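Please read it alongside the sequence and the coordinates.

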Amino acid sequence: MKYRDSEGMDDAFFPISPFMIFPEAYGDFGIYLRKGRNYLLFTREGEQFSRKHKNILHENGIQEVYIESSQKPSYDRYLEENLSRVLLDDSIPLSVRSSVFYYASRMVVDDLFRNVEDLLDRPMLDKLTNVVRSGIRFLALPDAMKNIIPVMSRNFKVPTHCVHAFIYSAALFGTLGASEQENIDLGLGAILHDIGKSTLPKMVLYKRGRLNSEERELIRLHPAKGVGMCSQVPLGQVCLNSILFHHEKGDGSGYPAGLTMASIPLHARIVGIADVFDGLTSRRSFVDPISADRALSMILEPSTGLYDPNLLERFAEVLTQAGAAGLN
Ligand SMILES: [Fe+2]
């Protein structure tokens, strides 16, 4: 093992889960372990990451390995080339593939929120499309949802929430028999639905307690801001509708347009359900999560008229089949 001094190199490495290094794949990047302030070379560029390597990490309880930031483009290429194959490889247990899918999605969306400024660019869109396409195929496998739900974090953060909204929306929309392209467009809409929040101050996003009227107004701008941020890349209407209208409510009390149920585009109604369900079942700075069961009975209450009852019924079925309804 080769030592490399990390002094003054805080941004020189980025962490990934060992799940994100695939067996039988060669990467043009070295993999490092961290010891205090030092990074130790574990496997070198072009070296195959073998089962033996994996076992060493597992036996030592290592949850994170590191890659040099300068080699991030190589890692991104490696992920793009291997993700779809790994997710559909029957020889890998479904529970392991679920973690791969979840970590890959989170990594790409974290990247998006960290790096996007005013406009989403084409390379980032391509990375998101790869995750969404692979994820939709994976989520269609029997028992995929059953394996993913226990892996999902219960702590609310906007990028993680976007991944969750994608998972729930894709699982629900997958029951409607739409074309693969429409599923991808919906998936992109879900994963990007809160991109407009990337420019909001964290002290507003994660504020403990009630927002004042000025802060509420700021938050209410995020759907339109999100669509604006996507204006330089080719995205279909399904995707843009999902971003713009995911806060509309069936009784007209939502925003930005105050549409009533029949006028809210189908895809936005789906993302709206996924959005509120994840919000209720996640721990926020000011409120504890509630169980999936309680969240479902709250939003399933038909008298609220806020959500599409047929979609809610379908969503409840998806969650019950995935064994999520009993989750606390
Ligand atoms: Fe939102």
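1. In this predicted model, Asp 76 counts as buried because its relative accessibility is 15%, below the 20% cut-off. Its salt-bridge partner is Lys 127, with the closest N and O atoms 3.0 Å apart. Lys 127 counts as partly exposed, at 24% relative accessibility. The pair links distant parts of the chain, Asp 76 being in helix H2 and Lys 127 in helix H4 (residues 122-139), 51 residues apart.

2. A second salt bridge joins Asp 111 to Lys 72 at 2.7 Å, N to O. Here helix H3 (residues 94-115) supplies Asp 111 and helix H2 supplies Lys 72, 39 residues apart. Both residues are buried. A network of salt bridges links Lys 72, Asp 76, Asp 111, Arg 114 and Lys 127; the whole structure holds 11 salt bridges.

3. Glu 180 and Arg 137 also meet through their side chains in a salt bridge of 2.9 Å, N to O. Since Glu 180 belongs to helix H7 (residues 180-191) and Arg 137 to helix H4, the contact ties together parts 43 residues apart in sequence. Glu 180 is partly exposed at 37%, as is Arg 137 at 34%.

4. Asp 28, Glu 45, Glu 80 and Glu 81 form a negative surface patch. Of these, Glu 81 lies in helix H2 (residues 72-87) and is exposed, with a relative accessible area of 60%.

5. Strands E3 (residues 31-35) and E4 pair in the antiparallel sense over five bridges, with Tyr 39 of E4 as the bridge partner of Arg 34. Two residues separate the strands in this hairpin, where Gly 36 takes a positive phi near 60 degrees. Five of the six residues of E4 (residues 38-43) are buried.

Terms used:
Residues are numbered from 1 along each chain as its sequence is written. This is a predicted model: local features need pLDDT of at least 70, side-chain atom pairs count only at pLDDT 80 or more; totals for chains, interfaces and linings use all residues. Side-chain values use heavy atoms; hydrogens and water are left out. Patches are made of residues with over 30% relative accessible area and no salt bridge: like charges are joined within 9 Å, nonpolar side chains (Val, Leu, Ile, Met, Phe, Trp, Tyr) within 5 Å. Accessible areas come from the Shrake-Rupley method with a 1.4 Å probe; for residues, only the protein chains shown count as cover. A salt bridge is a side-chain nitrogen of Lys or Arg within 4 Å of a carboxyl oxygen of Asp or Glu. Lys and Arg count as positive and Asp and Glu as negative; His and the chain ends are not counted. The place of a charge is taken as NZ of Lys, CZ of Arg, CG of Asp or CD of Glu. Helices (H or I, at least four residues) and strands (E, at least two) are DSSP runs, numbered from the N terminus. Buried means under 20% relative accessible area, exposed over 50%, partly exposed in between (1.4 Å probe, protein chains only). Two strands pair if DSSP finds at least two bridges between them.
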